[in-house]
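Colleague: I have a few minutes before my next meeting, could we go through this model together? Please put it up and I'll ask as we go.

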Amino acid sequence: MNSLQFTAESSSNGMVERDFTVGGVPGVLWSPVAGADRAPLVLMGHGGGNHKKHPAMSGRAQRLVEACGFHVAVIDAPGHGDRPRTEHDEQEIAALFAARAAGEPEGPIVVRYNAHLADLAVPEYRATLDALQALPEIGADGPVGYWGINMGTAIGVPFVAVEPRITAAVFGQHWPHVLAEKAKQITIPIEFDLQWDDEHISREEGLTLFDAFASKEKSLHVNSGKHKELPRFEADSAVRFFARHLGGAVTASA
């Protein structure tokens, strides 16, 4: 079993930020400043080309910690953040940029590359969850959620499909190729974000992935706008979703 090693700690705005490694994989854990009482955990997955402390990650963590008193953790995906890129990473990134420059569809490259990253990241997320649940303030018997959009969905869907400890998840904005078959294995409550005018992922593709989930409780959140125009208020909706399913009490500010 890979043990968790804390490497740095700081605090601000009522939230403690602790950098850690599990089996050499770097991550960050955000927690409430006050007390070490048991609280639910939400694992998050960052977007492609980003990293564990991207503002989207720290912002969502702040909402979950402040509004619900949850713990929140993210690890760097392979080839992202503090992790070195392999030759394969460089080749796929170059292919993506070339397609973008030529005005060609990015989807086939992103789907292929993200599937490769998911194969590597799923066991890393499971090892990270093992290590985090060994902490007394989290424990092995508390509820766990997962929140990941874009590449966070590409990694999160296969992760949640094989991880029975996840009890609720927020996904969105990815192609159904590869993921649809894995989504059929997921029965927990989910919330799913889709941009109606996404220039990369068609409406039909987004709806196909949403439809594939076997969850009896699943909510589709559709907003007008392009791929990178997901409204910020969807983050507040996700916080309320996790509060309902993981047992938190959302404050008025959320």
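Colleague: Let's start with Phe-213, is this residue buried or exposed?

Modeller: In this predicted model, Phe-213 counts as buried, because its relative accessibility is 3% and the cut-off for buried is under 20%.

Colleague: And where does Phe-213 sit in the chain?

Modeller: Phe-213 is in the loop between α6 (203–212) and β9 (218–223).

Colleague: There is a ring pair with Phe-171, so what kind of pair do Phe-171 and Phe-213 make?

Modeller: Their ring centres are 5.5 Å apart and their planes meet at 10°, so the pair is stacked. The pair links distant parts of the chain, since Phe-171 belongs to strand β7 and the two residues are 42 residues apart. Phe-171 is itself buried, at a relative accessible area of 0%.

Colleague: How many aromatic pairs does the structure hold?

Modeller: The structure holds nine of them. One is formed by Tyr-146 and Phe-159, with ring centres 5.8 Å apart and planes at 65°, so that pair is edge-to-face. Tyr-146 lies in strand β6 (residues 144–148) and Phe-159 in helix α4 (residues 151–162), 13 residues apart, and both of these residues are buried.

Colleague: Which residues do the ring pairs link into a cluster?

Modeller: The cluster consists of Tyr-125, Tyr-146, Phe-159, Phe-171, Phe-192, Phe-210 and Phe-213. Phe-210 also has Lys-218 over its face, at 4.9 Å from the ring centre.

Colleague: Moving on to the nonpolar core, which residues have the most contacts inside the largest one?

Modeller: Those are Trp-30, Leu-43, Trp-147, Phe-171 and Phe-242, in a core of 71 residues. Helix α3 (residues 107–133) supplies the largest share of this core, with 10 residues.

Colleague: Which side chain makes a polar contact with the side chain of His-174?

Modeller: That is Asn-114, and the polar contact between the two side chains is 3.0 Å.

Colleague: Leaving aside neighbours within four places in sequence, which residues is His-174 in contact with?

Modeller: Among them are Val-110, Val-111, Asn-114, Asn-150, Met-151 and Ile-201.

Notes:
Residues are numbered from 1 along each chain as its sequence is written. This is a predicted model: local features need pLDDT of at least 70, side-chain atom pairs count only at pLDDT 80 or more; totals for chains, interfaces and linings use all residues. Side-chain values use heavy atoms; hydrogens and water are left out. A nonpolar core is a set of buried Ala, Val, Leu, Ile, Met, Phe, Trp, Tyr and Cys residues joined through side-chain atoms within 4.5 Å. Buried means under 20% relative accessible area, exposed over 50%, partly exposed in between (1.4 Å probe, protein chains only). Helices (H or I, at least four residues) and strands (E, at least two) are DSSP runs, numbered from the N terminus. A polar contact is a pair of N or O atoms within 3.5 Å; within protein, one must be able to donate a hydrogen and the other to accept it, and residues adjacent in sequence count only if both atoms are side-chain atoms. Contact means heavy atoms within 4.5 Å. Rings of Phe, Tyr and Trp (its six-membered ring) pair if their centres lie within 6.5 Å; planes under 30 degrees apart count as stacked, over 60 as edge-to-face and the rest as tilted. A charge sits over a ring if NZ of Lys or CZ of Arg is within 6 Å of the ring centre and within 35 degrees of the ring normal.
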